[in-house]
Amino acid sequence: MLRASPPRETLARMLNNLRTIFTQKKQYDRALRFVNLTIGLQPALAELYRDRGVLRLQQEDFGGALEDLELYLRRTPAAQDAPIIREHVQLARKLLVRLN
């Protein structure tokens, strides 16, 4: 039998679905809005900061991307995707230096 989900959980899933749709359509500004809303509902989920960091990279917000990706790595240093995220951090740092 299916159990009813709490409203916050249902809303978080809906926001995640919308974020996925807009990311697939490469509408990163819209996807970013939905990940921000999801972080408001579930701020303890480190993966949300990783996802926002990647979206910020796509939008050339290198400072914001760096902040989010480093936070993700601090919270989940042994994550399976940590090596890739570390590469993203290095890229964001390089690009940020070029802008300054």
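Predicted model: local features only at pLDDT ≥ 70, side-chain atom pairs only at ≥ 80, totals over all residues.
**Overall architecture**

The C-alpha trace spans about 55 × 30 × 20 Å along its principal axes. Of the 100 residues in the chain, 36% are buried. Among contacts between residues at least 6 apart in sequence, 40% join residues at least 24 apart.

**Helix 2 and its neighbours**

Helix 2 covers residues 28-41, a run of 14 residues. From its first C-alpha to its last it reaches 20 Å, close to the 20 Å expected at 1.5 Å a residue. The buried positions in helix 2 are Tyr-28, Ala-31, Leu-32, Phe-34, Val-35, Thr-38, Ile-39 and Leu-41. These buried residues pack against two other elements, helix 1 (7-24) and helix 3 (46-58).

**Packing of helix 4 against helix 3 and helix 5**

Helix 4 has a described contact with helix 3 and another with helix 5. The geometry of each pair is set out below.

| Helix pair | Axis distance | Axis angle | Crossing |
|---|---|---|---|
| Helix 3 and helix 4 | 8 Å apart | about 155 degrees | left-handed |
| Helix 4 and helix 5 | within 9 Å | roughly 150 degrees | left-handed |

The axes of helix 3 and helix 4 pack at about 155 degrees. Helix 3 is therefore roughly antiparallel to helix 4, since angles over 145 degrees count as such. On the helix 3 side, the contact is made by Ala-46, Glu-47, Tyr-49, Arg-50, Arg-52, Gly-53, Val-54, Arg-56 and Leu-57. Helix 4 contributes Phe-62, Gly-64, Ala-65, Asp-68, Leu-69, Leu-71, Tyr-72 and Arg-75. By class, the residues of this contact between helix 3 and helix 4 divide into nine nonpolar, two polar and six charged.

Turning to the other pair, helix 4 (residues 62-75) and helix 5 (residues 82-99) have axes that cross at roughly 150 degrees. This angle makes helix 4 roughly antiparallel to helix 5. The residues of helix 4 that meet helix 5 are Phe-62, Gly-63, Leu-66, Leu-69, Glu-70, Tyr-72 and Leu-73. Their partners in helix 5 are Ala-82, Ile-85, Arg-86, His-88, Val-89, Ala-92, Arg-93, Leu-95, Leu-96 and Leu-99. The contact of helix 4 with helix 5 comprises twelve nonpolar, two polar and three charged residues.

**Loop residues with positive phi**

Lys-26 lies in the loop between helix 1 and helix 2. Its phi is near 60 degrees, a positive value in a residue other than glycine. The relative accessible area of Lys-26 is 60%, and Lys-26 is therefore classed as exposed, the cut-off being over 50%.

Glu-60 occupies the loop between helix 3 and helix 4. Phi of Glu-60 is near 65 degrees, again a positive value in a residue other than glycine. With 58% relative accessibility, Glu-60 also counts as exposed.

Terms used
Residues numbered from 1 in each chain as written. Heavy atoms only, no water. Helix = DSSP H or I, 4+ residues; strand = E, 2+ residues; numbered from the N terminus. Expected span 1.5 Å × (residues − 1). Buried < 20%, exposed > 50% of the residue type's maximum accessible area, 1.4 Å probe, protein only. Contact = heavy atoms within 4.5 Å. Axes fitted to C-alpha atoms, helices over the stretch in contact; angles between N-to-C directions. Parallel < 35°, antiparallel > 145°, perpendicular 65-115°, else oblique. Left-handed = near helix turned anticlockwise from the far one by under 90°. Nonpolar A, V, L, I, M, F, W, Y, C, P; charged D, E, K, R; others polar.
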